[in-house]
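The sequence and the structure are shown first, and the points after them are grouped by topic.

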Amino acid sequence: MASSSHGGASGRIKNLAATFGSDIQPFISDIRTTVGVMKNIAVQLEKDNLPDKVKEMEDAVVELVDLSEHSVHFSSAVQAFGNRYQPGEQLTDFHKVFEDEILQYKANRNSDVQKHPLVRQFKEAVWKVHHEGQPMPGEEEEDIVMTSTQSNILNFKCPLSGKPITELQEPVRSMQCRHIYEKQVIMQYIQSKNNSTRCPIPGCPKVLDANVLVQDPSLAVDIDEMRKMNNKETNVEDFTMLDED
């Protein structure tokens, strides 16, 4: 009877953790929309030669992005805890468990918010107002080209199914290496390797842990943004072909 009760508790916590991640997605999406609006305002302020106002906007963007990242950290930690939680005879120190999960997540993330794609895109947009075609200070020319298309998505296809990330039925992202996979496929892969194997992305040294494959709240937003970008590129190609005709 106790084992049944424990199993029910484990399942409920796992479901609650997944729901928590889904609930944060609109918040992450709203922050990105706000940053986009602030970027456009900052560009206009730069055109009006108001550098102090531009700096205020940049500081606010950094704060928003940092808040977004902390939310993702916490949500991912909650999901990872839900995946690995197994009730025992002793009470679980939830506070310590969450802290450990968050520390593990942060260890595999770039902690410098200034290098976050959204912050870099903001700076690039402002820089281009008066320096079109020139690399920003401290960056090579190829870096500035990458900034406009850089995102939180590290791989564009699931390494096992071969499907584009935008077509995955249930995408998950590793908290350890940040690579994305189709959930059912990667879970089967891990089980086939006796639950101990490296990430299937060539060159990635991280060992996979099924418990830290999560649908972090920024994942759906990242994929949706990529889907929209792909649609825009397709439309541009279609118009180009019409012009040629």
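A residue counts as buried under 20% relative accessible area, as exposed over 50% and as partly exposed in between, with a 1.4 Å probe and protein chains only. The model is predicted, so that local features need pLDDT of at least 70 and side-chain atom pairs count only at pLDDT 80 or more, while totals for chains, interfaces and linings use all residues. Residues are numbered from 1 along each chain as its sequence is written, and side-chain values use heavy atoms, with hydrogens and water left out.

**Overall architecture**

- The protein chain contains seven helices and three strands; these are DSSP runs, with helices (H or I) of at least four residues and strands (E) of at least two, numbered from the N terminus.
- Along the sequence, the elements follow the pattern α-α-α-α-α-β-β-α-β-α.
- Of the 245 residues in the protein chain, 37% are buried.
- Among contacts (heavy atoms within 4.5 Å) with a separation of 6 or more, 64% are between residues 24 or more positions apart.

**Packing of helices α2 and α4**

- Helix α2 (residues 51-84) packs with helix α4 (residues 117-131) at an angle of about 165°, and their axes are 9 Å apart.
- The axes are lines fitted to C-alpha atoms, for helices over the stretch in contact, and the angles run from 0 to 180 degrees between N-to-C directions.
- The two helices, α2 and α4, are therefore roughly antiparallel to each other, a term for angles over 145 degrees.
- Helix α2 contributes Val54, Met57, Glu58, Val61, Val62 and Val65 to the contact, and helix α4 contributes Leu118, Val119, Phe122, Lys123 and Val126.
- The residues of this contact comprise nine nonpolar, no polar and two charged; Ala, Val, Leu, Ile, Met, Phe, Trp, Tyr, Cys and Pro count as nonpolar, Asp, Glu, Lys and Arg as charged, and the others, Gly among them, as polar.

**Salt bridges**

- Side chains of opposite charge can pair when their charged atoms come close.
- The structure holds 10 salt bridges, each a side-chain nitrogen of Lys or Arg within 4 Å of a carboxyl oxygen of Asp or Glu.
- Glutamate 58 and lysine 123 form a salt bridge at 3.9 Å, N to O.
- Because glutamate 58 lies in helix α2 and lysine 123 in helix α4, this pair ties together parts that are 65 residues apart in sequence.
- Glutamate 58 is buried, with a relative accessible area of 17%, whereas lysine 123 is partly exposed at 26%.
- Aspartate 222 and arginine 32 meet in a salt bridge at 2.5 Å, N to O.
- This pair links helix α7 (residues 217-244), which holds aspartate 222, to helix α1 (residues 2-47), which holds arginine 32, across 190 residues.
- Arginine 32 also meets glutamate 225 in a salt bridge, at 3.1 Å, N to O.
- Arginine 32 is buried, with a relative accessible area of 10%, and aspartate 222 is buried as well, whereas glutamate 225 is partly exposed at 33% relative accessibility.
- A network of salt bridges links Arg32, Arg173, Arg178, Asp216, Asp222 and Glu225.

- Aspartate 209 is placed in the loop between α6 (183-192) and β3 (213-214).
- With a relative accessible area of 22%, aspartate 209 is partly exposed.
- Leaving aside neighbours within four places in sequence, aspartate 209 is in contact with Arg84 and Gln176.
- Aspartate 209 and alanine 80 are 129 residues apart along the chain, and their C-alpha atoms are separated by 9.9 Å.

Terms used: Angles under 35 degrees count as roughly parallel, over 145 as roughly antiparallel, 65 to 115 as roughly perpendicular and the rest as oblique.
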